[in-house]
Amino acid sequence: MTSAVRDTVPARRVRGRRLPALTGTTVAPWVFIAPFFTLLIAFTLVPTLYALVMSLQSDQTGHFVGLANYGTVLGDGDFRASVGVIWQAVYTLAPLFCVVATLIAVILDGAAGWGKDWVKLLIFLPYALPATVSTIIWAYNLSPDSSVFSPALHAAGIANVLAFSKPNTLPYAIMNIVVWQNVGAWIVVLTASLAGIPSEIVEMARIEGAGPLALIWRIKLPLIWPVLVLMIVSVVSYVLTLITEPYLLQQALQVPATFTPNMWAYNVSFQAGAFSLAAAASMLMLLVSSVFAIVFVLRSGFYRLQDRD
């Protein structure tokens, strides 16, 4: 720091010594991030530790039982079935969600005209609705008496819309709601990321002979790869904690009370009073989601790309 700049920096005297003001570079960052860490500790870390301790205790006596609750959870047939539903959603919904969001974002990035912004607004609107409202809308659309799709389905020879909500296809009916509601937000994020790519890079690639597909696949998508990684991790985490949509559709589509792991935990805790079992189930899902996020982020080179930038 030059003498001219040093003279302009505010300082305080404490017992004859000059000390930097609290707005210095050492204190100010901690002041700004303190609310985040306070809320993180209060509403994430503390409840997680409480659930961990509860998962190691007996529901009847409150005594330490080790991993017995985890064995009970993993041995329950309904819980294993709910994990199968989530796995089905992960390997079908997550790729579909990310492909649809990326494809539409790339198309909108290459589009021009005033209609582009209106299309993005219409795509984003479902995300602006609360999850409960979106689920209720689709509950009406999945009902054979009120569905707007019934005429088209009858014309195609399908008895009613409930043909898409049988036990074997029920996960896909719920996934449709998830994609419809949330994909618009990520499309907006991806289009903003694509718009932030320097035009010089794009023009240089075109001069070198890159066609539209090569420009997208070799230039644009690699440059927004950190955003794509964040989207994949967020979508998988959302699927692993799925509860709102299937819970609200229990009556409309006869969704089982233990359809997803979160619904299983809710059912055994508030219906059967087995809070320790619910805590063990939640810790298992936390372990799965954390391992996936850590492994995927590390293998994707996310931090290497950030350091390079």
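Helices are DSSP runs of H or I with at least four residues, and strands are runs of E with at least two, numbered from the N terminus. This is a predicted model, in which local features need pLDDT of at least 70 and side-chain atom pairs count only at pLDDT 80 or more, while totals for chains, interfaces and linings use all residues. Residues are numbered from 1 along each chain as its sequence is written, and side-chain values use heavy atoms, with hydrogens and water left out.

**View 1. The chain as a whole, with 16 helices and two strands.**
Of its 309 residues, 36% count as buried, where buried means under 20% relative accessible area, exposed over 50% and partly exposed in between (1.4 Å probe, protein chains only). Contact means heavy atoms within 4.5 Å. Among contacts in the chain with a separation of 6 or more, 64% are between residues 24 or more positions apart.

**View 2. Helix α8, residues 170-195, with a kink centred on Asn-182.**
The helix has 26 residues and reaches 38 Å from its first C-alpha to its last, close to the expected 38 Å; the expected span is 1.5 Å times one less than the number of residues. The kink in α8 is about 40°, the bend at a residue being the angle between axes fitted to the seven residues ending there and the seven starting there. α8 is mostly covered, with 19 of its 26 residues buried.

**View 3. Ser-193 in helix α8.**
Ser-193 counts as buried because its relative accessibility is 19%. Not counting residues up to four places away in sequence, Ser-193 touches Ile-224 and Val-227.

**View 4. Leu-93 in helix α4, residues 77-110.**
Leu-93 has 2% relative accessibility and therefore counts as buried. Neighbours within four places in sequence aside, Leu-93 is in contact with Gln-88, Met-175, Val-178, Val-179 and Val-239. Pro-171 is 78 residues from Leu-93 in sequence, and their C-alpha atoms are 9.3 Å apart in space.

**View 5. Ser-134 in helix α6, residues 131-141.**
The relative accessible area of Ser-134 is 0%, so Ser-134 is buried. Leaving aside neighbours within four places in sequence, the contacts of Ser-134 are Pro-126, Leu-129, Trp-180 and Gln-181.

**View 6. Packing of α4 against helix α5, residues 115-128.**
The two helices pack at an angle of about 160°, with their axes 10 Å apart. This makes α4 roughly antiparallel to α5. Axes are lines fitted to C-alpha atoms, for helices over the stretch in contact, and angles run from 0 to 180 degrees between N-to-C directions. Angles under 35 degrees count as roughly parallel, over 145 as roughly antiparallel, 65 to 115 as roughly perpendicular and the rest as oblique. α4 passes α5 in a left-handed crossing; a crossing is left-handed if the near helix is turned anticlockwise from the far one by less than a right angle, and right-handed if clockwise. Ile-104, Leu-108 and Asp-109 of α4 meet Lys-116, Val-119, Lys-120 and Ile-123 of α5.

**View 7. Helix α9, residues 199-207, crossing helix α10, residues 212-223.**
The axes of α9 and α10 come within 11 Å and cross at roughly 160°. α9 is thus roughly antiparallel to α10. The crossing of α9 past α10 is right-handed. From α9, Ile-201, Val-202, Ala-205 and Arg-206 meet Leu-215, Ile-219, Lys-220 and Leu-223 of α10.
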